[in-house]
Amino acid sequence: CAYGMQFTGSVNSVYIIRALGYDCGLIGPQARASGDSGVYWMSGHDFHQFNGQSVSTLPSTVREDVFNHLYPNSEEKMHAAWNTGFSEVWFFYADERDSTGECSRYAMINPQGHSAVGSFDRTAWVKADVFPYPIAFSANDHKLYYQEVPDAGAADEPLEAFVESGFIDV
């Protein structure tokens, strides 16, 4: 189910919680993304959108290809990302045909109903915001990549990066 929480302003009942959609629960904790026209997520059997008013199923020609081949018990690894430049939501998932158990494929859907699938190992994605293009991480070669960069030269050219952190508890 998908639930909405609305502020009432009342002292007695500050919020009202109501069901917005049924049979559309999130498949994994990162399998959702927010975009230009709503919030998008992947359930155990379909792709969904909340546009601020209601929940709807995204029209997709790739649904069967994705959901008939999900790698068993890989829901925690699945994630979604918004591609700002093209108004697309990308769902990354582990596919049983690849036998890796890692996110090795994607399903791309835009709000106009166009969709595509392909092989693309990306285990993390940061949408364009601070940086002009999305940045993604590859599990196979352990590199960061700028995505959708025009005239970037060779395909999947890595982004030179250095990350430094303070102390953290593990």
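This is a predicted model: local features need pLDDT of at least 70, side-chain atom pairs count only at pLDDT 80 or more; totals for chains, interfaces and linings use all residues.
Q: Why is the pair of F47 and F67 called tilted?
A: The ring centres of F47 and F67 lie 5.1 Å apart, and the planes stand at 55°. Planes under 30 degrees apart count as stacked, over 60 as edge-to-face, and the rest as tilted. The angle is 55°, so the pair is tilted.

Q: Which aromatic cluster do F47 and F67 belong to?
A: F47, F67 and F91 form one aromatic cluster.

Q: What makes F47 and F67 a link between distant parts of the chain?
A: F47 sits in strand β5 (residues 47-50). F67 sits in helix α1 (residues 63-67). Helices (H or I, at least four residues) and strands (E, at least two) are DSSP runs, numbered from the N terminus.

Q: Are F47 and F67 buried or exposed?
A: Both are buried, that is, under 20% relative accessible area with a 1.4 Å probe, protein chains only (exposed is over 50%, partly exposed in between). Buried residues make up 36% of the 170 residues in the protein chain.

Q: What elements does the protein chain have?
A: The protein chain has one helix and 13 strands. From the N terminus on, the order is β-β-β-β-β-β-α-β-β-β-β-β-β-β.

Q: How are residues numbered, and which atoms and pLDDT values count?
A: Numbering runs from 1 along each chain as its sequence is written, and side-chain values use heavy atoms, without hydrogens and water. Local features need pLDDT of at least 70, and side-chain atom pairs count only at pLDDT 80 or more, while totals for chains, interfaces and linings use all residues.

Notes:
Rings of Phe, Tyr and Trp (its six-membered ring) pair if their centres lie within 6.5 Å; planes under 30 degrees apart count as stacked, over 60 as edge-to-face and the rest as tilted.
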